[in-house]
Amino acid sequence: MIKQNLHTHSTYCDGKDRIEEMVQTAIEKGFTVLGFSGHGPCLVDEVAMKESDLPNYIKDILEAKEKYKDQIQIFLGIEEDISQRIPSKEPYDFVIGSKHFMFIKNQVKNVDYSKEMAQEIVELYDGDFLKYAKDYYEDLKNIANYPEVDIVGHLDLLMKFNEDESFLSFTDPTYLSYAKDCIDVLIKAGKIFEVNTGAISRGYRTKPYPHQTLLAYIQEKGGKILLNSDCHNRVNLDCYYKESMELIKQCGFKTMMTLTTEGFKEVPIDRFTV
Ligand SMILES: [Zn+2]
Ligand SMILES: [Zn+2]
């Protein structure tokens, strides 16, 4: 059986735990595959790793990989912000491509930060959330042309502070057309989508990204997925995994992707445990 998380932060960026602590918790929780994905260097992101952090980040992970190789498979990855791509896929086993920032009217705003900041972004789009969504998904499509990216991070992150739908209905037809258009382009490019439970553990949302409507669309269009916890605190390493697996099955998925030493493989869903 496979229990996997490929979206893991540590004290090298905005996570609470050291690499080895995270590995030990993963083993305790029965994980068989753990991938680290520290925030890659990004000028506009103060919590991202610096270039000078990378040698130690890589060293710690490779040491843990060797030390715990009989108990768990560890992979070296990185979460690159699409505004600042990593210079080369080497030495990473996998790359998550994510959009965390909006660049609008000479301002930089963090999509992930707070409801207040989400409101500020909407105001920069003349109070029109749909304009915001259009720009967000247009930019996210660029990942299709980024060969280094394997996994699209938290697809609909812009809805993080919209649990109560105060910005927009999750099923607004215009909104869905933008998101689906982006999904089509990313599926065609062979990108994997993550079902990401990170906002649940931090109390912002009660359901994972992407919204069920979009997840069902990904399934309908033959898109590939995997389940990640976007872990910033080891107690949440498998937060909402059980419920998310139910959701994934409800959406009709029969397989999920797993990372192996030979790369990503598609595996029947009943081989995964939570
Ligand atoms: Zn992210
Ligand atoms: Zn992350």
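**Figure 1. Lining of the largest pocket.** By class, eight nonpolar, nine polar and ten charged residues make up the lining of the largest pocket (Ala, Val, Leu, Ile, Met, Phe, Trp, Tyr, Cys and Pro count as nonpolar, Asp, Glu, Lys and Arg as charged, and the others, Gly among them, as polar). The model is predicted, so local features need pLDDT of at least 70 and side-chain atom pairs count only at pLDDT 80 or more, whereas totals for chains, interfaces and linings use all residues. Residues are numbered from 1 along each chain as its sequence is written, chains are lettered from A and ligands numbered from 1 in the order in which they are written, and side-chain values use heavy atoms, with hydrogens and water left out. Of the 27 lining residues, D14, V47, N110, D112 and R202 lie nearest the centre of the pocket. Strand 6 (residues 107-110) supplies the largest share of the lining, three residues. The pocket has a volume of about 550 Å³. On a 1 Å grid over the protein atoms alone, a pocket is an open set of points with protein on both sides within 12 Å along at least five of seven lines, a cavity is a set of points where a 1.4 Å probe fits but cannot get out, and lining residues have an atom within 4 Å of a point. Grid points are joined across faces, edges and corners, and a volume is the space filled by probe spheres set on the points.

**Figure 2. Cavities of the model.** Two cavities of 30 Å³ or more are found in a search of the whole structure. The largest cavity, with a volume of about 60 Å³, is lined by I2, K3, Q4, L227, Y241, M245, M256, F272, T273 and V274. The second largest cavity holds about 40 Å³ of space, and its lining consists of D112, H154, L157, N196, G198, A199, R202, Y209 and D230. That lining divides into three nonpolar, three polar and three charged residues.

**Figure 3. Zinc site.** The zinc ion (ligand 1) has E79 (OE), H100 (NE2) and H154 (NE2) as protein donors, at 2.1 to 2.2 Å (donors are N, O and S atoms within 2.8 Å of the metal, or 3.2 Å for Na, K and Ca; water is not among the atoms, so sites may look incomplete). E79 bridges this ion and the zinc ion (ligand 2), the two ions lying 3.3 Å apart. E79 in strand 3 (residues 73-81) and H154 in the loop between strand 7 (151-152) and helix 5 are 75 residues apart, and the pair links distant parts of the chain. Helices (H or I, at least four residues) and strands (E, at least two) are DSSP runs, numbered from the N terminus. E79 is buried at 1% relative accessibility, as is H154 at 3% (buried means under 20% relative accessible area, exposed over 50%, partly exposed in between; 1.4 Å probe, protein chains only).

**Figure 4. Surroundings of S98.** S98 belongs to strand 4 (residues 94-98) and is buried, with a relative accessible area of 0%. Beyond four places in sequence, S98 touches E79, E80, D81, I82, I143, G153 and H154 (contact means heavy atoms within 4.5 Å).

**Figure 5. Surroundings of V23.** V23 lies in helix 1 (residues 19-28) and counts as buried at 0% relative accessibility. Apart from neighbours within four places in sequence, V23 contacts L34, F36, A64, Y68, I72 and I74.
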